Amino acid sequence: MSELFKALRRTPYQTLGIVFTMSFSFFVLILFSTSIILLTQLVRFVQTQPQVTIYFLKTTPISDIYKLRETLLQSQKVKNAQYVSSEQALKIYKDLNKNEPLLLEIATKDALPSSLEVFATKPEYLKDIAETAKKEPGVEEVAFQQDVIESLIRVTNTIQLSALIFLSAQFFVVFFVLFTAVTFKLMVRRDEIEIQRLLGATRYFIIRPFIRENLLLNGMAVFVSLSFFGVLYTFARGQLTQFLIGIPTLTLFTFNSIAVSIWPLNIFFFILLALSTFLVGYTIILIATFAAASKYIK
């Protein structure tokens with residue numbers, strides 16, 4: 001390890017340039033990927049909620065409500081339709097506002113209407129379901145989340161496209177910086193490399209020290225980028241909590257009772273980010289180093 005640091009100290013400006021470039025590119029990668037994953041999980045969460053909620057007048061007989069429910073189910077556009085009585089609506093309201101005593105005081109069973117919570121088989125059916133429900137005489141109001149879902153999907157697609165373009169440019173810059181740095185070091189040690197080749201040294205044996213040096217810089221860049229991202233998340237968490245109020249824990253996957261959560265971010269997600277970012281950097285390092293070696297090591 002000491003030999004690695006000595007080698008890096010011989011070219012301090014190159015070392016700082018590589019670490020800065022990789023750190024900035026990794027930070028952008030982490031920021032974009034986290035945003036895309038979070039928005040994707042939010043879309044999935046919204047799609048698991050009642051997509052159309054039909055509120056009925058107090059005078060609407062329950063038989064008419066179930067008749068509308070059967071009509072919607074038979075249309076093949078509805079996956080499920082759940083009836084929620086006034087009593088159930090009051091219980092849900094109290095659970096959601098248990099920390100707001102003033103709101104609980106004004107809530108009564110008579111103030112909350114009965115409703116149907118409808119899940120569509122496809123998002124494009126939401127408008128047709130809402131129009132069908134509005135024609136029923138006992139319906140007071142119809143609320144559906146098509147605009148919310150479509151807005152989230154548009155934002156996610158925009159970020160994905162922006163990330164693809166920006167990250168492609170950033171990783172090209174990282175590749176070019178690494179390629180230039182390795183090329184410079186190969187040229188400086190040209191005589192030594194020629195002697196090694198004459199003695200039968202393979203190309204990989206010659207470039208192995210450069211790979212080890214760049215892997216060390218890769219680890220430093222991952223640490224720096226994750227540190228900046230962690231500081232940013234710490235400052236932004238309060239605003240995100242207000243924006244995502246009512247959103248439960250969003251878990252990407254669970255492995256051996258270890259849950260990797262995107263909201264709120266947990267330590268396992270940070271570990272996953274670190275490993276993924278390191279592998280991305282490792283791949284770029286290998287490609288850049290072998291490209292330089294194939295051109296300048298005969």
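**Close-up 1. Met22 and the residues it touches.** In this predicted model, let us start with one side chain and its surroundings. Setting aside neighbours within four places in sequence, Met22 is in contact with Val174, Leu178, Asn218, Ala221 and Ile285.

**Close-up 2. The largest nonpolar core.** Which residues touch the most other members of this core? They are Met22, Leu38, Leu178, Leu250 and Leu265, out of 38 residues. Two or more residues come from each of these elements: α2 (12–48), α7 (146–188), α9 (203–243), β6 and α10. Helix α2 gives the most, with 13 residues. Apart from this core lies another one, of 18 residues, and among them are Val52, Ile54, Val78 and Val118. In soluble globular proteins, nonpolar side chains tend to be buried together.

**Close-up 3. The buried side of helix α6.** Look along residues 126–134 and you will find the buried residues Leu126, Ile129, Ala130 and Ala133. They sit on the same side of α6, because they cover an arc of only 100° around the axis. An α-helix has 3.6 residues a turn, so residues three or four places apart point the same way.

Close-up 4. Where does the largest share of the patch come from? Helix α10 (residues 267–296) provides that share, with four residues. Ile258, in turn, is found in strand β6 (residues 258–263). Ile258 counts as partly exposed because its relative accessibility is 35%.

Notes: Residues are numbered from 1 along each chain as its sequence is written. This is a predicted model: local features need pLDDT of at least 70, side-chain atom pairs count only at pLDDT 80 or more; totals for chains, interfaces and linings use all residues. Side-chain values use heavy atoms; hydrogens and water are left out. Buried means under 20% relative accessible area, exposed over 50%, partly exposed in between (1.4 Å probe, protein chains only). The arc is that of the directions from the helix axis to the C-beta atoms. A nonpolar core is a set of buried Ala, Val, Leu, Ile, Met, Phe, Trp, Tyr and Cys residues joined through side-chain atoms within 4.5 Å. Contact means heavy atoms within 4.5 Å.
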